[in-house]
Amino acid sequence: MIIAMIGSLLVVVGSLCGVVGAIGLLRFPNFHARLHAAGVTDSLCAILVLTGLMCLASNGFIVVKLLIVLFFLLFSTPTASHVLTRTALNAGYRPPMRKPETGE
Amino acid sequence: MMVLSFAAAAILVVIGLALVRAFLGPTIYDRVLAVNMVGTKTVLLICVIDILGGNSGFLDVALVYALINFIGVIAMLKFYADEGRGEDADLRPGHDMSGGESP
């Protein structure tokens with residue numbers, strides 16, 4: 001019973017975290033800020049939602065499958081963000097930086 | 001099970017917002033980022049629907065979808081890295097993409 005409550009809480013928090021990331025993806029002003037919003041919240045949302053589903057699962061086989069999905073998402077999501085950033089940087093998209101006050 | 005319905009609805013809202021960004025996105029990389037987010041959230045949605053419906057076969061579908069999503073994003077980025085700078089001629093390198101605010 002208490003495990004089901006913890007699982008429900010984790011699922012709700014993970015869903016809200018995903019909504020926050022989507023709002024950041026929609027409203028941030030440039031590509032690198034949007035990449036930050038999406039890349040940070042993707043991992044956290046996947047961890048929270050899949051851990052909550054593991055608490056809510058009925059038998060151990062489903063838990064093992066959810067664990068496999070979670071581990072694959074934990075490896076693939078940062079790799080995709082890294083490849084996306086590297087490709088954009090190689091194509092010439094630098095993050096916008098403010099010039100220092102003293103120098104040029 | 002009310003919680004799982006809420007989670008599924010929230011994930012659908014996330015997918016909708018990411019699709020808006022994928023249609024709006026000024027560069028090709030914004031679109032790839034949004035499509036990657038849609039794929040990840042679809043994996044989570046399949047897992048939630050699996051637990052909600054009590055059908056354990058959907059988790060295999062989620063795992064295969066995660067694999068195909070990752071391979072698809074890598075293949076799309078490899079294509080645009082080889083092909084050039086994407087479709088948006090106004091946003092080629094040399095133009096800044098600082099979103100209107102000049103430094």
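Colleague: Leaving aside neighbours within four places in sequence, which residues is B:Val14 in contact with?
Modeller: Start with the rule: two residues are in contact if their C-beta atoms, placed from the backbone, lie within 7 Å. With neighbours within four places set aside, B:Val14 is in contact with A:Gly18, A:Val19, A:Ala22 and B:Lys41. This is a predicted model: local features need pLDDT of at least 70, side-chain atom pairs count only at pLDDT 80 or more, and totals for chains, interfaces and linings use all residues. Residues are numbered from 1 along each chain as its sequence is written, while chains are lettered from A and ligands numbered from 1 in the order in which they are written.

Colleague: Is B:Val14 buried or exposed?
Modeller: Count C-beta atoms, placed from the backbone, within 10 Å: 20 or more others is buried, 12 or fewer is exposed, in between is partly exposed. B:Val14 has 27 others within 10 Å, so it is buried. Its place is helix α1 of chain B. For a reference distance, B:Val14 and B:Gly72 lie 58 residues apart along the chain, with 20 Å between their C-alpha atoms.

Colleague: And A:Ser58, buried or exposed?
Modeller: A:Ser58 is exposed, because there are 10 other C-beta atoms within 10 Å. A:Ser58 sits in the loop between α2 and α3 of chain A. From A:Ser58 to A:Val69 is 11 residues in sequence and 17 Å in space, C-alpha to C-alpha.

Colleague: How many helices and strands does chain B have?
Modeller: Both are DSSP runs numbered from the N terminus: helices are H or I with at least four residues, strands are E with at least two. Chain B has 3 helices and 0 strands. Along the sequence the pattern is α-α-α. Of its 103 residues, 39% are buried. Take the contacts in chain B with a separation of 6 or more: 51% join residues 24 or more positions apart.

Colleague: How do I read the packing of α3(A) and α2(B)?
Modeller: Two packed helices are described by the angle between their axes and the distance between the axes. Axes are lines fitted to C-alpha atoms, for helices over the stretch in contact; angles run from 0 to 180 degrees between N-to-C directions. For α3(A) and α2(B), the angle is about 175° and the axes are 11 Å apart. The two are therefore roughly antiparallel (over 145 degrees; under 35 is roughly parallel, 65 to 115 roughly perpendicular, the rest oblique). Their contact includes A:Leu66, A:Val69 and A:Leu73 from α3(A), and B:Val43 and B:Cys47 from α2(B). That contact has 11 nonpolar, 3 polar and no charged residues.

Colleague: What about α2(A) against α2(B)?
Modeller: Their axes come within 11 Å and cross at roughly 10°. α2(A) and α2(B) are therefore roughly parallel. Among the residues that meet are A:Leu50 and A:Leu53 of α2(A), and B:Leu44 and B:Cys47 of α2(B). This contact divides into 16 nonpolar, 1 polar and 3 charged residues.

Colleague: What does α2(B) look like by itself?
Modeller: Expected span is 1.5 Å times one less than the number of residues. α2(B) has 26 residues and reaches 37 Å from first C-alpha to last, close to the expected 38 Å. 20 of its 26 residues are buried, so α2(B) is largely enclosed by the rest of the structure. Just after α2(B), B:Gly54 takes a positive phi of about 70°.

Colleague: Which residues touch the most other members of the largest nonpolar core?
Modeller: A nonpolar core is a set of buried Ala, Val, Leu, Ile, Met, Phe, Trp, Tyr and Cys residues joined through C-beta atoms within 7 Å. The largest one has 55 residues, and A:Leu53, A:Val69 and B:Cys47 touch the most other members. α2(B) gives the most to this core, 14 residues. Beyond four places in sequence, B:Cys47 touches A:Leu50, A:Leu53, A:Leu66, A:Val69, B:Leu59 and B:Ala62.

How values were computed: Ala, Val, Leu, Ile, Met, Phe, Trp, Tyr, Cys and Pro count as nonpolar, Asp, Glu, Lys and Arg as charged, and the others, Gly among them, as polar.
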